[in-house]
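Open the model in your viewer and keep the sequence panel beside it. This tour goes stop by stop: select, look, move on.

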Amino acid sequence: MVQRYYDAVIIGAGMGGIYQAYRLVKLGLTIKVIDRAEGPGGTWYWNRYPGAMSDTHSPLYRYSWDKEDLQTYKWTHNYLDSKDCLAYLNHVVDRHDLRKYMQFGTEVVSMKWNEEDYTWAVHTSDGVFNSRYVVTGIGLLSEPNWPAIPGRNNFKGELYHTARWPETYDFSNKRVGVIGNGSTGVQLITTVAPNVGSLLCFQRHPQYSIPARRAPVSREERDEINRTYDDIWAQARTSFTGGGFQESTVKAFDVSAEERQQIYQKAWDAGSGIRFLVQTFEDLVTDEAANETACDFIKGKIAEIVKDPEKRRKLTPTELYARRPLCDTGYYEQFNRENVEIVDIMANPIAEITSTGVRLANGTRHDLDVLICATGYNAFDGAYRKLHIQGRTGTTLNEHWLAGPTTNMGVAAAGFPNLFMILGPKSPLANVPPMVEAHVDFITAAIAHVEDVRRGGRELAGKVALESTLQGEEEWGTLCDLVSDKMLFKKAASYFYGGNVEGKVKSTLVFFGGLGMWSQKLQECVDNGFPSFTLSRDGDAGESAASSV
Ligand code: NA7
């Protein structure tokens, strides 16, 4: 079997892996980036379904560390579609000559820590890679969640999951069914509805969605962004969402009902679900009565847009506005088309996928040529659970995470030395690029710290490892639960708590305290010499990382 040795192996060539590769090369380490895809891009490599779009304002949906590129790389719209995102990430890889470190079409199957020589053995479909450090940039939303409906393999038509989209497809004149109406389903439905024979939307929970208001960006706007980029980033990094806008500090009932409507209307006209949720009133995420005022406003909009009373009824949510906020480019409007229907599968679930379509619990059959599962992901820990990672004591990560995933600030787990996760479970819910940068900066500092200790030792090849303490992990988990308990997100069975995957242990998978607070905690940890981590050498029991420097 082929054996190779690198200082660091990075798994994943998405937004996290690319930046991590850049930083570790600058640090002087030998690296290999491994990805099962045939090219870089991560999320944007896989998510090529019609309508796929980032819902972060374009100036903030990129890296901040290459200022020249930030100001010169062309983008045309206020929101980037998947092709733009993929092209941008490929551009960064080439601009910084990182492709030569990357190996594609290679799947990691397992990883094992070797206590003898302080290395990881990363077993892949192309042999073993050995390294002192492993960084996982495998995505928080990357492991497709196929619906657990019997008979999927019997379907004779075209069957797709949005996260594994085919190179070519043609739905014209076909009978298309879509299961799921989260961010993905809403984008897909909106885009394909005008171009199919018929569209059946199989819906469990109706969703609140705000217009995105996707529009071209003028030269003047871009110039202004370029002029103020430093301020834009500085504000974003300390904010809750990192979205590049001021979050509200006003409570919904601090203003009159009339003023509230005006604020909602302004947010509806400006676009973006995330902005609508956090830029209007600060307590929409924590206070039910406040949240209901937003629900009522959006329900009013649905009533204005959707003409057919039965479709309108099915599309009107009955829950709080407490899932991942969505935005769209004309979602509700599609249901005014005669060829678009909704099937309420909460009332009448899909009992079986048959060779010709689906059969509902009440016996109704819907024949289909194409069935698309926009059913999301086994989010946050799903991709990790497939890797079979064996740590210091022989315990696997799956065993360590039996009661749900536990991490220290989303970046490390106790018992897994020199293994760092970019946006692992219990990372914040915020704009991905600044989150990626905060984690990669932390990981780079951690690796530099270990390298310093190694080189400062008696032997050049000293064995040194850094890992989270159990206490560090527990304290972060407690904080995640405390913050989560204050949030209304807990009221919906969404992927934030594992509620979307059948049989998954329910736990708090996200840090709801915001990007700013989390980044500050990461920085404090670096500044104080990694106090919630242990530094061990040559198999000793370990010492506080802080006390060893
Ligand atoms: P989401 O947000 O998890 O949405 C998945 C959708 O699929 C949602 O409407 C689910 O219904 C539905 N679903 C999931 N499983 C089933 C089964 N078994 N039967 C019927 N319907 C099902 O995933 P997305 O891909 O839309 O978005 C994920 C993130 O990607 C998004 O937040 C962005 O950050 C990018 P339910 O929730 O019960 O109504």
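This is a predicted model: local features need pLDDT of at least 70, side-chain atom pairs count only at pLDDT 80 or more; totals for chains, interfaces and linings use all residues.

Residues are numbered from 1 along each chain as its sequence is written, and side-chain values use heavy atoms, with hydrogens and water left out.

**Stop 1: aromatic rings**

Select W113 and W120. W113 has a relative accessible area of 5%, so it is buried. W120 is buried too, at 0%. Rings of Phe, Tyr and Trp (its six-membered ring) pair if their centres lie within 6.5 Å; planes under 30 degrees apart are stacked, over 60 edge-to-face, and the rest tilted. By this rule there are 37 aromatic pairs. W113 and W120 make one of them, edge-to-face, with 5.5 Å between centres and 65° between planes.

Next, select Y208, Y264, W268, F276, F281, F297 and Y321. These residues form one aromatic cluster.

**Stop 2: arginines over rings**

A charge sits over a ring if NZ of Lys or CZ of Arg is within 6 Å of the ring centre and within 35 degrees of the ring normal. Select Y45 and R48. The charged end of R48 sits over the Y45 ring, 4.6 Å from its centre. Now select R62 and Y88. Here the charged end of R62 sits over the ring of Y88, at 4.5 Å from the ring centre.

**Stop 3: T106**

Helices (H or I, at least four residues) and strands (E, at least two) are DSSP runs, numbered from the N terminus. Go to the loop between β3 (102-103) and β4 (108-114), where T106 lies. Is T106 buried or exposed? T106 is buried, because its relative accessible area is 3%.

Show side chains. A polar contact is a pair of N or O atoms within 3.5 Å; within protein, one must be able to donate a hydrogen and the other to accept it, and residues adjacent in sequence count only if both atoms are side-chain atoms. The T106 side chain makes one with the side chain of Q103, at 3.0 Å. Contact means heavy atoms within 4.5 Å. Beyond its neighbours within four places in sequence, T106 is in contact with I34, D35, R36, T124, S125 and D126.

**Stop 4: H57**

Select H57, in the loop between α2 (43-46) and α3 (67-72). H57 is partly exposed, with a relative accessible area of 25%. Which residues does H57 contact, leaving aside its neighbours within four places in sequence? They are N78, Y79, G243 and R275. H57 and G244 are 187 residues apart in sequence, and their C-alpha atoms are 7.4 Å apart in space.

**Stop 5: a pocket and a cavity**

On a 1 Å grid over the protein atoms alone, a cavity is a set of points where a 1.4 Å probe fits but cannot get out; a pocket is an open set with protein on both sides within 12 Å along at least five of seven lines; lining residues have an atom within 4 Å of a point. Grid points are joined across faces, edges and corners, and a volume is the space filled by probe spheres set on the points.

The second largest pocket holds about 460 Å³. It is lined by 22 residues, and Y49, P50, G51, A52 and S82 are the closest to its centre. α4 (82-95), α5 (183-192) and β11 (326-328) are the elements that each give two or more residues to this lining.

Cavities of 30 Å³ or more number 2. Select its lining: P206, Q207, Y208, P317, E319, L320, Y321, A322, R323 and R324.

**Stop 6: N362**

Select N362, in the loop between β14 (357-360) and β15 (365-367). N362 is exposed, with a relative accessible area of 52%. Its side chain makes polar contacts with the side chains of N348 at 2.9 Å and T364 at 2.7 Å.

**Stop 7: positive phi**

Most residues other than glycine have a negative phi. Select M409, in the loop between α14 (397-400) and β18 (419-421). M409 has a positive phi, near 60°, and is buried at 4% relative accessibility. End at L423, in the loop between β18 and β19 (427-428). L423 also has a positive phi, near 55°, and is buried, with a relative accessible area of 4%.

Conventions
Buried means under 20% relative accessible area, exposed over 50%, partly exposed in between (1.4 Å probe, protein chains only).
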